[in-house]
Amino acid sequence: MTDTLYDETAAAAAASVIRAYSTSFGLATNLLGSRVRRHVRNVYALVRVADEIVDGAAEAAGVPLDEQRSVLDALETETYAAIERGFSANLIVHAFARTARECGIGRVHIEPFFDSMRTDLDTAEHDDASHDDYVYGSAEVVGLMCLQVFVNAGAPSPRDPAPALVSGARRLGAAFQDINFLRDHADDSGRLGRDYLGVGAADTRREEVLARIDADLDAAAATIPLLPADCRVAVATAHGLFASLAAKLHHTEDLTTRVRVPNPMKAAIAVRAAVAHRAPFSPRRTPPSRRPPA
């Protein structure tokens, strides 16, 4: 697909979103190969805009709850239309649609995401079943969108990723989301009135969640070597950053304190990932279809 000034402007708008909202994902994304970097930024930008509709930006602008739902619905509708026609007047949607068309991101990925975003407008407390549904739509499918990019960017036509990579993407997304639920517990419960995990002051429940996070991180780590080589360093860096957050959460009983990874530690994690996973990339290489160790 030939770049145009409009395409470039849309991609620049998407890149500005990740720079503004996430130092950790911004760092990891910068470590992606040029084949995939722009596409991942395009994915992040759309999901961040949708998340802002339900997480306070719309409310702060005085948008009533029903209108927030309408705005979210309109964004989803425009996303499908843009993928179909190859253009949107919304720069962020245009950038995402360009990526979706090239990399095979479709309704199977997009619908669960918007369903989870709508859940935030009417569900304050989650049980195990609704938590799992929410995490699938809000995080696991985002990992699957990125996986579509990793496997298909620059290819003549999209293909399905290997089952092991699908499992790894889902479990890494789930781990990221549960870590964020724990570190954002005070804000979620205080400002937004939401409880995704039911942890509260229950140490036993918190340890159960952390054990699940550790298992997901371990399973995801086993699949990183199966990724295309120009993606491994970035994914390993993101994994390392969130594993460090999980380690801090194991030793933090006060859920009112949001744990962070200091910048020097972030740099060290990125260096370790580069040393462990740097390798030449062949665009014709297909990841082996085998499952990670249990």
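Tutor: The radius of gyration is taken here over C-alpha atoms, and the globule rule is 2.2 Å times the number of residues to the power 0.38. Please keep in mind that this is a predicted model.

Student: What radius of gyration does the chain have, and what would a compact globule have?

Tutor: The chain has 19 Å, which agrees with the value near 19 Å for a compact globule of 294 residues. Along the principal axes, its C-alpha atoms fill a box of roughly 55 × 45 × 35 Å.

Student: How many helices and strands are there?

Tutor: The chain comes to 13 helices and zero strands.

Student: What share of the residues is buried?

Tutor: Buried residues account for 52% of the 294 in the chain.

Student: And the contacts, how many join residues at least 24 apart?

Tutor: Of the contacts between residues at least 6 apart in sequence, 73% join residues at least 24 apart.

Student: How many charged side chains are positive, and how many negative?

Tutor: There are 32 positive and 39 negative side chains, with the centres of the two sets 11 Å apart.

Student: How many disulfides does a search of the whole structure find?

Tutor: The search finds zero disulfides. The cysteine sulfur nearest to that of Cys146 belongs to Cys231, 9.6 Å away, whereas a disulfide needs the two sulfur atoms within 2.5 Å.

Student: Are those two cysteines buried or exposed?

Tutor: Cys146 counts as buried at 15% relative accessibility, and Cys231 is buried with a relative accessible area of 0%.

Definitions and conventions
Residues numbered from 1 in each chain as written. Predicted model: local features only at pLDDT ≥ 70, side-chain atom pairs only at ≥ 80, totals over all residues. Heavy atoms only, no water. Buried < 20%, exposed > 50% of the residue type's maximum accessible area, 1.4 Å probe, protein only. Helix = DSSP H or I, 4+ residues; strand = E, 2+ residues; numbered from the N terminus. Contact = heavy atoms within 4.5 Å. Lys, Arg positive; Asp, Glu negative; His and termini not counted. Charge placed at Lys NZ, Arg CZ, Asp CG, Glu CD.
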